[in-house]
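Please look over the sequence and the model below before reading on. The paragraphs after them go from the whole chain to single residues.

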Amino acid sequence: MDMETRQLVEAKLRRRDREEARREGRLPAAYMDDDDGDDLEGPMPVRRRRKQRLDPDFPMDLDGDVEAPADVTDIRGPLNEWVILEGPRQTIKREFHHFLTSFVDANGDSVYGERIREMCEANRESLDVNYIHLVETKANLAFYVANAPAEILKIFDQVALEVVLSGFENYDKIKSEIHVRITDLPVIESLRELRQTHLNTLVRVSGIVTRRTGIFPQLKYVKYDCVKCGSIIGPFYQDVNTEIHVGSCPDCQSKGPFNINSEETIYRNYQRMSIQEIPGTIPEGHLPRTKDVICLWDLVDHARPGEEVEITGIYRNNFDVSLNNSNGFPVFSTIIEANHIRKLDDTSMKFLVTEEDEREIRRLASDPNIHERIIKSIAPSIYGHDDIRTAVALAMFGGVTKYPKKKIRLRGDINVLLMGDPGTAKSQFLKYVHKTAHRAIYATGQGTSSVGLTASVHKDVVTKEWTLEGGALVMADRGVCLIDEFDKMGDQDRTSIHEAMEQQSISISKAGIVTTLQARCSVIAAANPIDGRYYPQKPFAANVDLTEPILSRFDILCVVKDNANPMIDEQLARFVLNSHIQSHPLYKRDADDESSLIPQDMLRKYVMYARTRCQPKMHKVNELKLEQLYADLRRESMLTGGIPITVRYLESIIRISEAFARMHLRDSVKEDDIDGAIAVVVESFIGSQKYSIKRQMQRTFDKYLRKDKDFFELLHHVLSELVTEHIRFNYYRRDTLPEDIQIDAEEFEMRAKQLNIHDLRSYYQCRMFKESFRYDQKRNKIYKRL
């Protein structure tokens, strides 16, 4: 047989072997080469690449034409076993290398070249890779990393290190490894929706960090010392679930003992934390689900208890001895091995605002009467109680947090106390806020202890170390904490929340742990009087069992009395009956019903938009008016024995005025906002007084109260003067009296602004105006019939 014939026969034999391997699933068809001279017995050849510096403005393509990966339908056998074969592994490496070096944005700039440069400048070891980018350019890689993340991420890390070293040659001396972090996974799963189908896949979940352990060194590559001959054995890769056991020494063949070589063994950072479902997403009647998260490398200490996080990681099963002892051997616990952690704040809210929603929000904010519409839309199924609606609306919008000289923190959240008779819908208001607010925690005073509100210390089952677990105030960070039956709490439990209500932090000094947790939330509490009913004949301090320090931390006090009034009782009964009728599933609602109310979904988005986008500032404040008001309140409080007035009430006026400005989406606080805040504080103070001195208090503080009827009379006088001027002008010009007078509304509004009156809509709708004038909104004209 000559040489040429021999080569032809060997080529046919190789093709036969490859065909058999393809049929048995050991080699996909896409990795077969049509070239007869190719030999697949050895490892796939790797093309030499020149090292060049990464230029973020130049789209790097070091590979030229890259072979496309195998189609998903060509996979034979389990995916996690197939991707570790040499052929698929090399092709995946080439594809991901091509992705990192060639992906560009709309301007033609290298996206990941810029990210690698920023990572190296900050000496970091994590490279964020957007999953959407993978789907758009390398769909197969996106499929592999979602369904076999443990093996694929190891390949990605190796490729990322090669790309980094091609531009920064000595970066491996700073960071030995580069970790690829997958971001923006499209599907967000709930903790209670994780099932066995999610095992060993990439998942994205959100929750609140309840506790975390310390940082421990975990073995990655282990080396052992043989005690008898002194030789070094290894390295061995340490798996998460199994422990490495050395059988015998390769030099002296002894079976031990072996000691870990701590100098040459490679460690990595390890931390375990627990996340819990977000309070607003828990179905009613269900307990919140909790899941343990393993944080490795630079992900440790990335989140603190009480913070809301979004975690992308591998959903794994974990061997748990205690669980197997109680339920049998085949039962395993599950954990999430974190790959990427992102903190969620108010800017990344659950209620995402689209462009259409933003246009609708801006349209609502252009209404000068928007604050009244917002207040009416708070708990529309409850009759009356406008003062409570106003207080709840102000607490939901809140003020602006300030940091004077960057040394101390002045809270912007507004605390509200609802005190009054039973059956006045106090708990219903709390439940409404619990369902409406973007983040709310509901607790009851009788079933809550001080550690349940602040923080508790537990001993970790695995590490036997003391760990912190946040309470209700910590879990409600950047939200609202609702406490019902506030009077049923013990004095010691109420004292524990003093710091949380004013400084908005919780200091812990237990079991050797000395730290501070954040509790930046509004507190809305509901309480009943001492004897079950509120007696107006007694002062406020005699009706409640609360101390002055806790009362002074509430910005607004709402005293609710259940007085017998035949007219109000009749209207209340009619409202309740109509509410039941309209709530029936078969009721056909008219288009004009509740036209002035804002839909609840839009109200949620409006509140979140105002809290995140609007930060009103105060300027040109009438300081003399505030100084005189504070002096009058202090004097009357000492004489009448009402609620104690401290300097905190002056800060409360500022916070409430900022909340009014946020309702209008204004960047600055106007005089109307300050007048509204003063009216709320003064009415809260007057409502807590005894009945015998209440009338006197109203006369004393009448100059501070903002009353629309006073404005109506003043505006009516201004409008009458305009009518007189127009009559004189027409008489002097034509020597006759006109039948009707036509006035531009802009001229009337300009004169009203000179009197610091900016909202005229309520005046246009009052009876005083309609009896004498007619307003045409389309033409913006006011007509007067003579």
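The model is predicted. Its protein chain contains 28 helices and 24 strands. Of its 786 residues, 46% count as buried. The accessible surface of the chain comes to about 41,800 Å², and carbon and sulfur atoms account for 49% of that surface.

Helix α11 runs over residues 386-397. At 1.5 Å a residue, its twelve residues should span 16 Å, and the end C-alpha atoms are 17 Å apart, which agrees. Ten of these twelve residues are buried, so α11 is largely enclosed by the rest of the structure. The buried residues of α11 are Ile388, Arg389, Thr390, Ala391, Val392, Ala393, Leu394, Ala395, Met396 and Phe397. An α-helix has 3.6 residues a turn, so residues three or four places apart point the same way. After α11 comes Gly398, with a positive phi near 75°.

Helix α23 covers residues 671-687. Its 17 residues should span 24 Å at 1.5 Å a residue, and the distance between its end C-alpha atoms is 24 Å, in agreement. In α23, 15 of the 17 residues are buried, so this helix too is largely enclosed by the rest of the structure.

The aromatic side chains come next. With ring centres required to lie within 6.5 Å, the count comes to twelve aromatic pairs. One of them joins Phe96 and Phe156, with 3.8 Å from centre to centre and 10° between the planes; this pair is stacked. Phe96 belongs to helix α3 (residues 86-102) and Phe156 to helix α7 (residues 149-167), so the pair ties together parts that are 60 residues apart in sequence. Phe96 is buried, at a relative accessible area of 0%, and Phe156 is buried at 0%.

A second pair is formed by Phe486 and Phe554. Their ring centres are 5.9 Å apart and their planes stand at 90°, so the pair is edge-to-face. Here the partners are in loops: Phe486 lies between β15 (480-484) and α15 (491-495), and Phe554 between α18 (548-551) and β19 (556-560), so the pair ties together parts that are 68 residues apart in sequence. Phe486 has a relative accessible area of 0% and is buried; Phe554 is buried with a value of 0%. Elsewhere, ring pairs link Phe96, Phe99, Phe103, Tyr112 and Phe156 into a cluster.

Rings also take part in arrangements with lysine. The charged end of Lys431 sits over the ring of Tyr442, at 4.0 Å from the ring centre. In the case of Lys784, the charged end sits over the ring of Phe773, 5.1 Å from its centre.

Which backbone angle is positive in Trp297, a residue other than glycine? It is phi, with a value near 55°. Trp297 is found in the loop between β8 (290-296) and β9 (308-318). The residue is buried, because its relative accessible area is 13% and the cut-off for burial is under 20%.

Glu485 is not a glycine either, and its phi is positive at about 55°. Glu485 is in the loop between β15 and α15. At 25% relative accessibility, Glu485 counts as partly exposed.

Note on methods: Residues numbered from 1 in each chain as written. Predicted model: local features only at pLDDT ≥ 70, side-chain atom pairs only at ≥ 80, totals over all residues. Heavy atoms only, no water. Helix = DSSP H or I, 4+ residues; strand = E, 2+ residues; numbered from the N terminus. Expected span 1.5 Å × (residues − 1). Buried < 20%, exposed > 50% of the residue type's maximum accessible area, 1.4 Å probe, protein only. Phe/Tyr/Trp six-rings, centres within 6.5 Å; stacked < 30°, edge-to-face > 60°. Lys NZ or Arg CZ within 6 Å of the ring centre and 35° of its normal. Areas by Shrake-Rupley, 256 points an atom, 1.4 Å probe, with all protein chains shown as cover.
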